[in-house]
There are 2 protein chains.
Amino acid sequence: MIFLPEIQEIIKSNIKKISWSSTLAKGLYEPIDYVMSLGGKRIRPSLLLMSADAFGANPKDFVNQALAIEMFHNFTLLHDDVMDNAPVRRGKPTVHVKWGENSAILSGDAMLVKSYELLADGMPADKLPQVLALFSRTAREVCEGQQLDMEFESSNDVTEQEYLEMIRLKTAVLLAASLKIGAMLAGADDDKAGSIYDFGINVGLAFQLMDDLLDVYGDPATFGKQVGGDIKERKKTFLLINAYAKADASQRQRLDALLAEDDVDVKAVTDIYNEIDVKSMCESKMNEYLSKGLDALSKTGLGERTKQLEELACGLMNRKV
Amino acid sequence: MIFLPEIQEIIKSNIKKISWSSTLAKGLYEPIDYVMSLGGKRIRPSLLLMSADAFGANPKDFVNQALAIEMFHNFTLLHDDVMDNAPVRRGKPTVHVKWGENSAILSGDAMLVKSYELLADGMPADKLPQVLALFSRTAREVCEGQQLDMEFESSNDVTEQEYLEMIRLKTAVLLAASLKIGAMLAGADDDKAGSIYDFGINVGLAFQLMDDLLDVYGDPATFGKQVGGDIKERKKTFLLINAYAKADASQRQRLDALLAEDDVDVKAVTDIYNEIDVKSMCESKMNEYLSKGLDALSKTGLGERTKQLEELACGLMNRKV
């Protein structure tokens with residue numbers, strides 16, 4: 001059994017060792033090293049290694065596969081930042097700000113390719129076809145999630161169901177695939193690998209709902225992002241979609257008026273959220289997913305070996321609300 | 001033995017059959033279907049299937065792998081067009097013009113993922129690790145080539161050697177990998193697969209030099225692009241690099257002055273090219289690569305079975321100069 005701090009240390013030290021053989025095209029790789037060094041919680045590669053560990057493998061055998069997931073995740077952040085025109089990521093200037101948009105596009109492309117190289121590097125040949133298929137399917141689903149996220153920006157009739165499908169694709173499937181790949185590498189049978197995937201999907205959905213909640217109700221001191229950012233951007237979160245769905249005529253009119261203003265009044269929108277109590281709705285949905293996830297986890301039959309994963313999942317939801 | 005027209009027909013009809021399972025994220029796939037339907041000569045997938053055929057396999061067994069190469073190639077065109085801000089591709093509006101830049105980035109990402117899915121689809125498991133490694137290495141080299149191409153735009157001391165390395169990466173390696181993957185799939189030994197790769201590299205380099213020549217000396221009626229386009233863009237082609245390298249002080253001064261003007265005088269630059277006779281230099285370099293390529297091809301020992309590949313290579317160079 002290996003514990004999270006050690007896993008994170010392994011990931012961190014091996015990210016530093018990722019190397020590029022090209023001397024001529026250094027300009028392609030500099031932004032990648034920059035992005036990969038910015039840190040973050042490294043949750044996805046940790047999940048892969050913790051899952052492999054729980055299923056009885058030596059996680060140190062699958063460090064490259066964990067790095068593949070982290071490389072892929074950072075590729076999506078890099079291209080998303082271009083699409084969103086985001087100036088800052090993890091407190092530092094984004095790649096397109098620092099090196100220009102073309103660099104951000106092209107270095108992102110190279111990251112996606114590198115994630116496949118890391119995935120295949122050292123993988124047992126008999127595992128490769130299935131793991132590769134899951135990785136690619138997941139990668140394409142993440143693109144679909146980003147597509148829906150962009151489309152929803154200009155849509156005014158996003159349903160709760162569509163929203164949940166979007167966050168499943170954009171966020172949950174990669175967490176789930178990280179766990180399942182760890183299980184597959186450790187030789188888990190299909191049922192158990194499926195259960196840990198379901199755990200990941202449900203925790204991923206809960207995690208995103210938590211993010212929606214924190215945006216409005218988070219403690220500014222610990223949240224890290226600007227409180228009310230989603231509201232200011234008129235983002236169709238679980239809260240806004242349900243506020244509209246449950247609003248009476250007058251509340252709907254007030255919401256319309258508030259969101260039509262150039263600078264959205266976060267406090268006034270939050271007041272309407274509170275009147276309708278979308279916070280409780282979101283919390284209960286989040287808790288529903290969390291317990292579904294823990295149910296799925298218990299179906300792996302691994303008992304104490306999944307304790308760490310359970311704690312990590314609960315820990316993710318326990319950020320102060 | 002299967003002939004090029006039939007191969008191209010197989011590719012064309014199978015491109016039409018590429019399908020996407022998502023109903024919600026149709027917006028992600030529409031630009032991909034558009035790009036893939038625009039046509040083109042489908043040289044790369046044809047090379048893969050012709051190579052598999054020459055090495056004794058049934059090319060129809062490897063259609064997905066050929067489509068993977070075509071999907072990848074079109075992904076590079078799509079992202080290159082964003083980076084170059086190109087309005088037109090194959091006579092039609094580019095994706096970023098039609099759907100916006102974000103769509104072009106994201107649909108391109110999905111194409112890269114899909115190319116991996118096609119590559120793995122139906123591939124014999126014992127071939128997968130090696131083919132996958134070659135595909136990824138090549139994909140990353142193409143990114144390196146594009147990186148160098150962009151960097152050379154703002155550099156004034158690109159050498160002939162650096163230029164040749166750039167076009168090797170940007171153009172030749174994918175042609176070579178297409179051929180080699182066909183050989184690997186057909187079970188060719190490493191030496192022969194290496195020879196067909198070398199054939200591809202050399203023909204690819206010759207092909208790009210031909211393109212440089214045609215830009216200046218091509219017949220406007222058959223060239224398809226605007227004659228002198230590279231000169232207008234001050235592109236560091238083989239011709240321009242060598243014109244500078246061989247120019248005397250006065251010619252260099254005239255070149256500098258001509259390229260400093262807002263609208264570059266194509267005729268005047270061509271006159272200097274003619275004085276220095278860079279055309280002959282380029283032709284002899286091109287012929288050198290072509291014959292190196294044909295040498296490598298003969299080393300496969302396949303005799304008549306490579307006749308078609310030889311004809312295709314020579315055909316590519318035989319466009320009217």
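How are α1(A) and α3(A) oriented to each other: parallel, antiparallel, perpendicular or oblique? What you have here is a predicted model, in which local features need pLDDT of at least 70, side-chain atom pairs count only at pLDDT 80 or more, and totals for chains, interfaces and linings use all residues. Residues are numbered from 1 along each chain as its sequence is written, while chains are lettered from A and ligands numbered from 1 in the order in which they are written.

Two packed helices are described by the angle between their axes and the distance between the axes. Helix α1 of chain A covers residues 4-17, and its axis comes within 10 Å of that of α3(A), the two crossing at roughly 120°. (Helices are DSSP runs of H or I with at least four residues, strands are E runs of at least two, and both are numbered from the N terminus. Axes are lines fitted to C-alpha atoms, for helices over the stretch in contact, and angles run from 0 to 180 degrees between N-to-C directions.) So α1(A) and α3(A) are oblique to each other; under 35 degrees counts as roughly parallel, over 145 as roughly antiparallel, 65 to 115 as roughly perpendicular, and the rest as oblique. The crossing is right-handed, meaning that the near helix is turned clockwise from the far one by less than a right angle, with anticlockwise for left-handed.

Who meets whom here? From α1(A) come A:Leu4, A:Ile7, A:Gln8 and A:Ile11, and from α3(A) come A:Pro45, A:Ser46, A:Leu49 and A:Met50. Contact means that the C-beta atoms, placed from the backbone, lie within 7 Å. By class, six of these residues are nonpolar, two polar and none charged. (Ala, Val, Leu, Ile, Met, Phe, Trp, Tyr, Cys and Pro count as nonpolar, Asp, Glu, Lys and Arg as charged, and the others, Gly among them, as polar.)

Now step back to the whole of chain A. Its domain assignment, automatic or from a database, gives domain 1 (1-187) and domain 2 (189-321). Their C-alpha centres lie 22 Å apart, and 22 residues of domain 1 are in contact with 23 residues of domain 2. On the domain 1 side, α3 (43-54) and α8 (160-185) give two or more residues each, with the largest share, 15 residues, coming from α8(A). That side divides into 16 nonpolar, three polar and three charged residues.

Next comes the partner chain. 35 residues of chain A are in contact with 35 residues of chain B. On the chain A side, α2 (26-36), α4 (63-84), α6 (101-120) and α7 (128-153) give two or more residues each, and α7(A) supplies the largest share, 14 residues.

How do the two copies relate? A rotation of 180° with 0.0 Å of shift along its axis superposes chain A on chain B, with an RMSD of 0.0 Å, which is the relation of a two-fold axis. The same surface serves both: 100% of the contact residues of chain A recur in chain B.

Terms used
Two residues are in contact if their C-beta atoms, placed from the backbone, lie within 7 Å. Copies are superposed by least squares on the C-alpha atoms of residues with pLDDT of at least 70 in both.
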